[in-house]
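Here are a few exercises to work through with the model open beside you. Try each task before you read its solution.

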Amino acid sequence: MATVFADQLRSLSDDALGALIQLRPDLVVPVPSDVSALAVRAQSRGSVARCLDALDEFTLAVLDAARVSRAEDTALTSVSAILALAGGADPADVLVAVGRLRARFLLHGPEDAMQVVGAVDEVTSPYPAGLGRPADYLDAQAAALCADKAKLRRTVLAAPPGARAVLDRLAAGPPVGALASGGSVAEPVQWLIDQHILVPVTEAGRAPRPDGELVELPREIGQLLRRDSGPLGELRPHPPTPDGPVRDAKAVDSAGAGQAMEAVRTTETLLEALGAEPATVLKTGGLGVRDLKRLSRAAALDEASTALLLEVAHAAGLLGESDVAGTGRGVTTSRATGSVDEIFLPTGAYDLWRALSIAQRWEALANSWLVMTRQPGLVGQRDDRDRPINALAPDAERAGAPQARREVCAALAGLPTGTAPRADDLLNLLAWQAPRRARGREHAHRDALAGAATLGLTGLGALTSYGRLLQTQDGPAADDPLGAGPGGDLVPGASEAVRALDALLPAPVDHVLVQADLSVVVPGPPEPELAAELDVVAELESAGGASVHRVTPASVRRALDVGYAATDLHDLFRRRSRTPVPQALTYLIDDAARKHGGLRAGSAGSYLRSDDEALVAEVLADKRLTHAALRRLAPTVLVSPLQLARLLGALREAGFAPVAEDAVGAAVLSRPKARRAPTRTPVSLRIGDQGGPPTLTGPLLAGVVEQIRRGDIATRAARRAPVTVRAANGQSVPGLTSVQAHSQAMAVLQQAVRDKARVWVGYVDTHGATLSRLVRPISISAGYLRAEDERTETLHTFALHRVTAAVPEE
């Protein structure tokens, strides 16, 4: 059988073989050595199961029809037999489904004698189409009843109501039911057994047995009970149409773009909150419930959305774990165990990410969400041991999550533009498109829908235009396999999805509107440089499409602390503001600048000095600084046992504006050091995280087909090699006692050069494999044999010390 199957594959054209590889890409991972190896792999359980997982409900029903219609003696079926069983469907739809099965080689052979690949029966239900086994296999009396059609109908019609309900239930499938424990059998079931309509079988192996613990409905009776719906039950050749409103495409894109911008802003807020106050990694991994609630309040989000954005940021490499507190104090250590505690911090990549445009930042998040093996919807639920699943914890890992997201996005992309289906309708569509794969994935699909809405891939329930583009940019073009052309990964530039989203987002602004109440309105998303300046000189009050900041004495003092001078701040607001700078802001900056640096602090524990003796006396008399234990050393110098950072903080809390100074008395002005975790590689850039074998097209596909063909030719040529050559290559040859000596092989090759005759050459390649090839020697010199393979028109060079045998062609 394997030989016949391999011969059928070998007879395919290169285009047909390439089409099979495209439909079943797992067949070439890794690339098989020849067509025979490809045939073995195509009939294996794993490959057949993966192929069936991608088939729709109707195609699987047609495959069940092929299984049911197989002849008992030959195990063959035909197109006409399949059409007879699928009479409830349009014959054209059935023929298309048969074509899909034949293109994937799940059915192979001529149309009047097709064979189902053996592994199909191993990886699918033993009851095709929900029908039981034939009556003649189960029980002789049941077979006799089924042979008499009229008696069978009368017996079924005479069934009591309870027995008829059991029959209808088993006829719908599966056709097997369990008997009650303890040996007692319900009266309706006993009646059906007595009438030989149900046959007792044993649970072990499903073998017929009078005292079996199961009952099975024979196939013929099941088909009779399905007289209204057909032998295969209800057939749906076409996918169900989701019932949902159709939104305007512009409204969908606008709503999605707003949500995308909000997702980027909220992610930045969460990471900034973690940078200011890192969260400790739990001993079991993940983020604690208290920290999740704290971050939810900081971002004004519900906990589910917060967990989603944190998971996406972690997958994008923006968030990571670190055992360094980042404040210069070293490592955080647990007092109880002495072990090093880890904390969650933004990584170094976060600073680079912030410098990108909003659309590029969104693309990084969306791509990471599509391929990450995390299911954020599980956060807050309980695992098998009734323990809560925390955000960023290992318990939220699900290998099938990327596939579920791709399925949801592909289903939305397949609907008309603007269609906003209900969740239940979309799940029904997914169940039709891939019933084997959708079974048990309902929660993952709902989680994917929620994630797409939160990240802005969908707007108003429909897929956005840039969301569609994001689905189509998952690899290099067919005519550019290296991705080196325009738009490839080796050429930097914005993708189509980024350009489409950029056109929908408001343009970044480089100006602000300063109000008389010292509020600063940013009428749009700020440019990265403006955003960095506002982070220093103002406090954020409200965020959104237009954000509002406020200048306060503390924010001005913070700007002076990091190195701004009063003239710099005046110039900043004069340059950035489109409205006149209020006089109150000018006074605030000048007043803060006058006070700033009036006190100088250093470490002695720490000291405090000022040229203003009255100011020093005021500080010494301030009761709010009693805990600082200040002591006068001179009229202008105070000292404290507190460290410098704590003394500066205490003075600022009391309303003073000190600055630090170094050993020579120069002011030390610096921006607080941002704490960062080690840089992590985003999930979307890791090899092997794309979820399944890649789809081959163009030159890559042609190269794979050519490699298989060449390997097949080499394998067949090796089988035709003379016995002497095969023995020299290490193959077992019965009756051969010795092999040709190396000197004799050289003599044969030299004679072949003179006679220009073809010879079989056995040799060992650079990988240690023993091969044989039929060639025409051209020359022998410098320790090498040069020969031509007329079949492939290729010139080969063999090292003479690797030649094991040489035999003239017979």
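**Exercise 1: a tryptophan and its neighbours**

Leaving out residues up to four places away in sequence, Trp-432 touches Asp-56, Glu-57, Phe-58, Arg-236, Pro-237, His-238, Pro-239 and Pro-240. Keep in mind that this is a predicted model.

Task: Find the helix that holds Trp-432, then decide whether Trp-432 counts as buried or exposed.

Solution: 
- Start with the helix: Trp-432 belongs to α21, residues 423–433.
- Next, take the relative accessibility of Trp-432, which is 7%.
- Buried means under 20%, so Trp-432 counts as buried at its 7%.

**Exercise 2: the largest nonpolar core**

Task: Which residues touch the most other members of the largest nonpolar core, and which helix gives the largest share of this core?

Solution: 
- Among the 54 residues of this core, Leu-9 and Ile-82 touch the most other members.
- Helix α5 (residues 57–68) supplies the largest share, eight residues.
- Now look around Ile-82: beyond four places in sequence, its contacts include Val-62, Ala-65, Ala-66, Leu-107 and Met-114.
- Another core, of 51 residues, lies apart from this one and includes Ala-260 and Cys-409.

**Exercise 3: an open sheet**

Task: In what order do the four strands of the open sheet lie, and which are the edge strands?

Solution: 
- The order is β11-β12-β14-β13, with antiparallel pairing.
- The edges are β11 (513–514) and β13 (539–542), each pairing on one side only.
- Two bridges link β11 to β12 (residues 519–522), and Val-514 stands opposite Val-520 in β12.

Definitions and conventions. Residues numbered from 1 in each chain as written. Predicted model: local features only at pLDDT ≥ 70, side-chain atom pairs only at ≥ 80, totals over all residues. Heavy atoms only, no water. Pairing = 2+ DSSP bridges. Buried < 20%, exposed > 50% of the residue type's maximum accessible area, 1.4 Å probe, protein only. Contact = heavy atoms within 4.5 Å. Core = buried A, V, L, I, M, F, W, Y, C linked by side-chain atoms within 4.5 Å.
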